[in-house]
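Please read it alongside the sequence and the structure shown here.

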Amino acid sequence: MVLVLALWQLVCVAWKMPESVLPTPMNVALAIGKYWPALVTEGWVTMKATLYGFALALLLGIPIAVAVSMSRWVNLMFYPPLVALQSVPKVALAPILLVWLGTGIESKLAIAWLVAFFPIVVDTAAGLQSTPRDLLELGRSLKATRWQVFSMVQFPAALPYVFTGAKVAVTLAVIGAVIGEFVGSSDGLGFLLLSATSQINTSLAFAALFALSVLGTIAYLLVVVAERALSGWLPPPLPKH
């Protein structure tokens with residue numbers, strides 16, 4: 001990062017780049033110091049939409065993934081529409097959601113949910129379907145019920161997949177929230193970024209981008225903390241040969 005910042009500073013100084021085109025890292029740092037109250041306030045708005053959309057994706061995605069992995073008919077019913085929905089660019093859906101839900105947090109939450117939903121469903125279903133057969137047969141030999149096999153064997157074994165999908169989904173949820181703010185919003189870091197570029201305040205625009213990267217990192221680390229909190233449920237790593 002130090003090398004990248006040094007090269008960035010060198011390019012701006014050597015080519016005498018106008019600040020409206022590419023501000024120096026020093027000017028971006030000054031903009032962060034000058035506008036930090038706005039960055040914090042608008043960042044909290046974006047963070048709420050991100051976390052709410054991610055939480056909704058978890059609450060709906062995991063049960064659907066369980067149903068898809070347990071039943072072939074449910075798989076045939078839900079999986080093709082899910083793939084079709086994922087294929088639609090979320091930027092194209094944003095104006096429709098804006099008409100349906102308005103310019104409040106609801107439309108941003110919905111887009112964040114749409115973006116984060118698919119990775120959770122796919123990874124969770126893959127984890128449930130890849131449970132070691134030996135463990136399943138052991139549970140059945142002990143006359144465990146289907147619920148006991150699921151709760152004590154399948155779901156714990158699938159947790160690494162769940163958290164892998166969650167790590168991807170939470171960063172995508174940030175993108176979804178910003179898309180909602182781009183299309184129609186009066187607050188959030190996406191709105192601040194658009195306002196800065198419309199006023200040719202490129203330093204503030206880069207400061208907003210920096211705040212978005214920090215926000216995404218914080219959201220990712222929250223998932224990592226949850227993963228470590230549940231590490232007792234995770235299966236032990238396979239021995240190296």
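## Charged pairs

Glu-227 is buried, with a relative accessible area of 18%. Here buried means under 20% relative accessible area, exposed means over 50%, and partly exposed is in between, with a 1.4 Å probe and protein chains only. The model is predicted, and local features need pLDDT of at least 70, side-chain atom pairs count only at pLDDT 80 or more, and totals for chains, interfaces and linings use all residues. Residues are numbered from 1 along each chain as its sequence is written, and side-chain values use heavy atoms, with hydrogens and water left out.

Side chains of opposite charge can pair when their charged atoms come close. A salt bridge is defined as a side-chain nitrogen of Lys or Arg within 4 Å of a carboxyl oxygen of Asp or Glu. By this rule the count is two salt bridges.

Glu-227 forms a salt bridge with Lys-167, and the closest N and O atoms are 2.9 Å apart. This pair links distant parts of the chain, with Glu-227 in helix H9 (residues 202-229) and Lys-167 in helix H7, 60 residues apart. Helices (H or I, at least four residues) and strands (E, at least two) are DSSP runs, numbered from the N terminus.

Asp-187 forms a salt bridge with Lys-108, where the closest N and O atoms are 3.0 Å apart. Asp-187 lies in the loop between H7 and helix H8 (189-198) while Lys-108 is in helix H5, so the pair ties together parts that are 79 residues apart in sequence. Asp-187 is partly exposed, at 26% relative accessibility, whereas Lys-108 is buried, at 2%.

## Aromatic pairs

A pair of aromatic rings is described by the distance of the centres and the angle of the planes. Rings of Phe, Tyr and Trp (its six-membered ring) pair if their centres lie within 6.5 Å; planes under 30 degrees apart count as stacked, over 60 as edge-to-face and the rest as tilted. The count by this rule is four aromatic pairs. Two of them are listed below.

| Pair | Centre to centre | Angle between planes | Class |
|---|---|---|---|
| Trp-113 and Phe-117 | 5.4 Å | 50° | tilted |
| Trp-147 and Phe-150 | 5.7 Å | 35° | tilted |

Trp-113 and Phe-117 both lie in helix H5 (residues 105-129), four residues apart, about one turn of the helix. Trp-147 and Phe-150 both lie in helix H7, three residues apart, again about one turn of the helix. An α-helix has 3.6 residues a turn, so residues three or four places apart point the same way.

How accessible are these rings' residues? Trp-113 is partly exposed at 21% relative accessibility, and Phe-117 is buried at 7%. Trp-147 is exposed at 60% relative accessibility, while Phe-150 is buried with a relative accessible area of 13%. Trp-147, Phe-150 and Phe-155 form one aromatic cluster.

The expected span of a helix is 1.5 Å times one less than its number of residues. Helix H7 (residues 146-183) has 38 residues, but its end C-alpha atoms are only 46 Å apart, short of the 56 Å that a straight helix would reach. H5 has 25 residues and reaches 36 Å from its first C-alpha to its last, close to the expected 36 Å.

The bend at a residue is the angle between axes fitted to the seven residues ending there and the seven starting there. H7 bends by about 45° at Leu-159, and a proline, Pro-160, follows within four residues. H5 bends by about 30° at Ala-116, and a proline, Pro-119, follows within four residues.

## Loop lysines

Which phi values are positive in residues other than glycine? Phi of Lys-16 is near 50°, and phi of Lys-143 is near 60°. Lys-16 is found in the loop between helix H1 (2-14) and helix H2 (25-70), and Lys-143 is in the loop between helix H6 (133-141) and H7. Lys-16 is exposed at 71% relative accessibility, and Lys-143 is exposed with a relative accessible area of 74%. Lys-16 and Gly-165 are 149 residues apart in sequence and 44 Å apart in space, C-alpha to C-alpha.
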